[in-house]
Amino acid sequence: MKQVSAAEIANLTGGTVFGQSDVQISRVDKLEEAGPLSLSFFSNPKYQDRFFQTQAGIVLIPADFQSDRKFPCTVIKTLNPYYAFCQVLDRYFNPNQHKSGREEQSFVAENAAIGEDVYLGFGSYIDEGSVIENGAKIYPQVYIGRNVRVGAGTVLYPGVKVYSDCVIGAQCIIHSGTVIGSDGFGFAPIGDGSYAKIPQIGNVVIEDHVEIGSNCSIDRATMGSTIIRKGVKLDNLIQVAHNAEIGEHTVIAAQTGVSGSTRIGKRCMVGGQVGFVGHINVADGTQIGAQSGIQKEITEPGQQWIGSPVMPLKEAFRTQVIVRKLPDLQQRIIELEKRIQELTKS
Amino acid sequence: MKQVSAAEIANLTGGTVFGQSDVQISRVDKLEEAGPLSLSFFSNPKYQDRFFQTQAGIVLIPADFQSDRKFPCTVIKTLNPYYAFCQVLDRYFNPNQHKSGREEQSFVAENAAIGEDVYLGFGSYIDEGSVIENGAKIYPQVYIGRNVRVGAGTVLYPGVKVYSDCVIGAQCIIHSGTVIGSDGFGFAPIGDGSYAKIPQIGNVVIEDHVEIGSNCSIDRATMGSTIIRKGVKLDNLIQVAHNAEIGEHTVIAAQTGVSGSTRIGKRCMVGGQVGFVGHINVADGTQIGAQSGIQKEITEPGQQWIGSPVMPLKEAFRTQVIVRKLPDLQQRIIELEKRIQELTKS
Amino acid sequence: MKQVSAAEIANLTGGTVFGQSDVQISRVDKLEEAGPLSLSFFSNPKYQDRFFQTQAGIVLIPADFQSDRKFPCTVIKTLNPYYAFCQVLDRYFNPNQHKSGREEQSFVAENAAIGEDVYLGFGSYIDEGSVIENGAKIYPQVYIGRNVRVGAGTVLYPGVKVYSDCVIGAQCIIHSGTVIGSDGFGFAPIGDGSYAKIPQIGNVVIEDHVEIGSNCSIDRATMGSTIIRKGVKLDNLIQVAHNAEIGEHTVIAAQTGVSGSTRIGKRCMVGGQVGFVGHINVADGTQIGAQSGIQKEITEPGQQWIGSPVMPLKEAFRTQVIVRKLPDLQQRIIELEKRIQELTKS
């Protein structure tokens, strides 16, 4: 079992130990579930009782936390205890121990280029002209079409499919079942009531440090590129249509759909099950509540929206309250009509 | 072709034959499409005309069904004719003839443990430390990560992906494309506008007798477990986020999403395209209509809800009726204003 | 690099060259991004300025386009320039160069029948009794169960899963991750609060010229068939439940769900994230806006609908406008009540 000392944790996270720097932990837990071999963390002063009652061996706490009470164990003060906790998880307790080397029953076309320290899993397929850069991890049953680039250190989990000509940056993570570069949904009516397929000859470009959840569909562009900018985080079961663009560091929750040619700005936060119509722009820093329907441009940056059709958050809440009072309002209108009738008569 | 007699069906289903117990059927059909070689069933007295006109060879009917009219064929009386029909389907007409044995081109890590009567399909992958219990059926192109347990008699259809450390109970069915244990969606902002990944070191625990449809995403917990309790039935394209819990025998229709740390009670029925916000509890026996948005706790058990935001069913229906009358109500307000104006003048 | 002359394009598309018929292009671009080696097209007179300013080498224009201004380059007049452009893309610039022949590590059961010019990709699986007709392209990691038929020229992209007994027509395209024939969602309560699985012994029938996007779930029928009629186009992440039927040339956008036994007519257009309840009919030519909830029959053909619950389009827009005015209406009711009070007193 892994043993990590307070000194090592302080070193990794840039924190300062208060207590015994040689105390060791071998697991991580929430404050209330921790034991003497656990590392835990505490960010929100609201929960300080949990901190003072914890059985943990070491707790990461905010650098500016002050109290008259005696600390229950060795602590490490850092600016951002949650992030520090993540760093420890990532270094010492991450279950994702990626493999290296090429497993049997994998297919690599003759002119594909495979970097160093790459993992090519069992049953994976790398077609002609593709480039897998150093340290990339291609899990079993992944498909990489022709002329694809997979950047350094990027992880494609089992069963990811990448169609030809797509580009995936460095240090990305793409989860199982996600499809990159399937055809955009484009058909031209041809008079007899049927449709001709519009060939989708563009691609998908995913920049660095992007994470995409499982079972997402990111379609290739008709011409040009569907673009996922650096640092974007997409949850599961998300649809991104042809020629859409998601701006840097935008975060989108599960089951949301972005229609064709729509451009979402930087650092937006989008809830789950949201739908965006096609061909609109959404300003930087926009925040959108779950299940919203964005049917028009959002031009002012940094605003909060919700509803289908979408409204500014405050207006939506005000409207929702009144909608629930509609039976009462209707009754009051009937009452008014009666009174008017009476007044008119008299 | 399979031939089954009325006596065999009565024996399997605990029913009683009225008519010839040696009559044989070789197929199953609806009452109105049945012929002399068909078994059919009849539950709802509303459809008794269909029963009396059927050409079926044998019909399963309710034990308490009374009529002055002559039965059109041999019948078998049982308490639950539909369930009895399912039993016959399952025993004699089920197209799912699972294979056994290990097909070529499958990968099993040296220290994985494979039970008896297991099927390991072509292109499947079982990583280190995993245990596949007796009678489990691992179809082609399935991926099983490290230290996974797959319970006895469980069926994983082609292309299911199970990440490391997940636990799947006995007698479960998981359909193609479903991903179990992909990372929960957790990121900590790190000040410069970008995000750090929060390692997701928990797992997914699926108890016995669970069925999960195709292309679902069930994320692993940040710490601890995302839990699907025994007897749960999930339809297709469903999202279950990290640390969520779905209670025993709850049934959820397609394209619904359950956000992080939300706990849904036992024996709930949830419609399609529903969304649950994170960190709420939903009481046992709750019924939720399609496309609802559950944005708050539901504490009273056994109630019916619908809408986004969700309302009690009756209130929602009343409100919907008034919403459709809004143009009329607005007109009546304008009318009232005019009359008041006139009255004030006079 | 491919070189195509105006004469060749005119020949392919049935158009007429005005200008030099020997001018050659080697790429395709939008009017405003085109250079001397580009083919472009122009359909909408609204954009004629872009046409007159283009740097393109050849432009496809409408047969009836008239102007006093001098054309900027060689043009080809056709009845439907966009469709003609698609024809050129498809013939000369399509990146989908499908392979032929059987790759290593593919599995074909002994009594499966494989036609001529078929591609069987690495890691694909064709089970007993299945028939793959001439020119079909089965990409890597595809699974085909027992007794499946895949029609001539049909393309199944990497990772498509087709369960036993399903039928796929000719000239279809099915994108990665889509599952055809997983079990319909059918369970019978058995008294103790748990459910018995209703065996799903039907199949899925997909007619000719159907395109289905990535990560869709098309469930097999309980008995009989779930049917996708000829020419239907489905986008990504769509749910089609057991015994549903989608009529000829109907087009459905991403993330929509069709519940069990619902029949959608011919030539309908359905937006994204729409939900249909089960057991209803939707008339031919119906158009439904995004995020709608169709909770009842639509009997009149060719109408436009939107909303959840759905309303005729015009009524929905009128209602939406009033919903946004609700705070104002409430205020006017309060005002009226005050005035009545004053009038009653005086």
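Chain C and chain A bury about 5,100 Å² between them, with carbon and sulfur atoms giving 61% of that area. Buried area here is the accessible area (1.4 Å probe) that two parts lose on being put together, summed over both. Phe122(C), Arg324(C) and Ile340(C) supply 11% of what chain C buries against chain A, more than any other three residues.

A quick word on the ground rules. This is a predicted model, where local features need pLDDT of at least 70, side-chain atom pairs count only at pLDDT 80 or more, and totals for chains, interfaces and linings use all residues. Residues are numbered from 1 along each chain as its sequence is written, chains are lettered from A and ligands numbered from 1 in the order in which they are written, and side-chain values use heavy atoms, with hydrogens and water left out.

**Chain C against chain A**

Going by contact (heavy atoms within 4.5 Å), 63 residues of chain C touch 70 residues of chain A. There are four salt bridges between chain C and chain A, a salt bridge being a side-chain nitrogen of Lys or Arg within 4 Å of a carboxyl oxygen of Asp or Glu.

The count of residue pairs in polar contact between chain C and chain A is 33, both residues at pLDDT 80 or more. A polar contact is a pair of N or O atoms within 3.5 Å; within protein, one must be able to donate a hydrogen and the other to accept it, and residues adjacent in sequence count only if both atoms are side-chain atoms.

Which elements give two or more residues to chain C's side? They include helix H3 (81–93), helix H4 (313–324) and helix H5 (326–345) of chain C. H5(C) gives the most, with 10 residues. Helices (H or I, at least four residues) and strands (E, at least two) are DSSP runs, numbered from the N terminus.

**Chain B against chain A**

Here 72 residues of chain B are in contact with 62 residues of chain A. The area buried between chain B and chain A is about 5,200 Å², and carbon and sulfur atoms give 61% of it. Phe185(B), Tyr195(B) and Met223(B) supply 13% of the area that chain B buries against chain A, more than any other three residues.

The rule finds four salt bridges across the interface of chain B and chain A. Here is one example from each interface:

| Salt bridge | Closest N and O atoms |
|---|---|
| Glu315(B) and Arg324(A) | 3.1 Å |

Polar contacts across the interface of chain B and chain A come to 33 residue pairs (both at pLDDT 80 or more). Several strands give two or more residues to chain B's side, among them E21 (179–182) and E22 (187–189) of chain B. H5(B) gives the most to this side, with eight residues.

**A sheet inside chain A**

Chain A has an open sheet of five strands in the order E2-E7-E6-E5-E4, with mixed pairing. Strand E2 (16–18) and strand E4 (27–28) of chain A each have a single partner strand, so one side of each has no neighbour in the sheet. Pairing takes at least two bridges found by DSSP. Two bridges join E4(A) to strand E5 (residues 38–41) of chain A, and the two run parallel. Arg27(A) has Ser38(A) as its bridge partner in E5(A).
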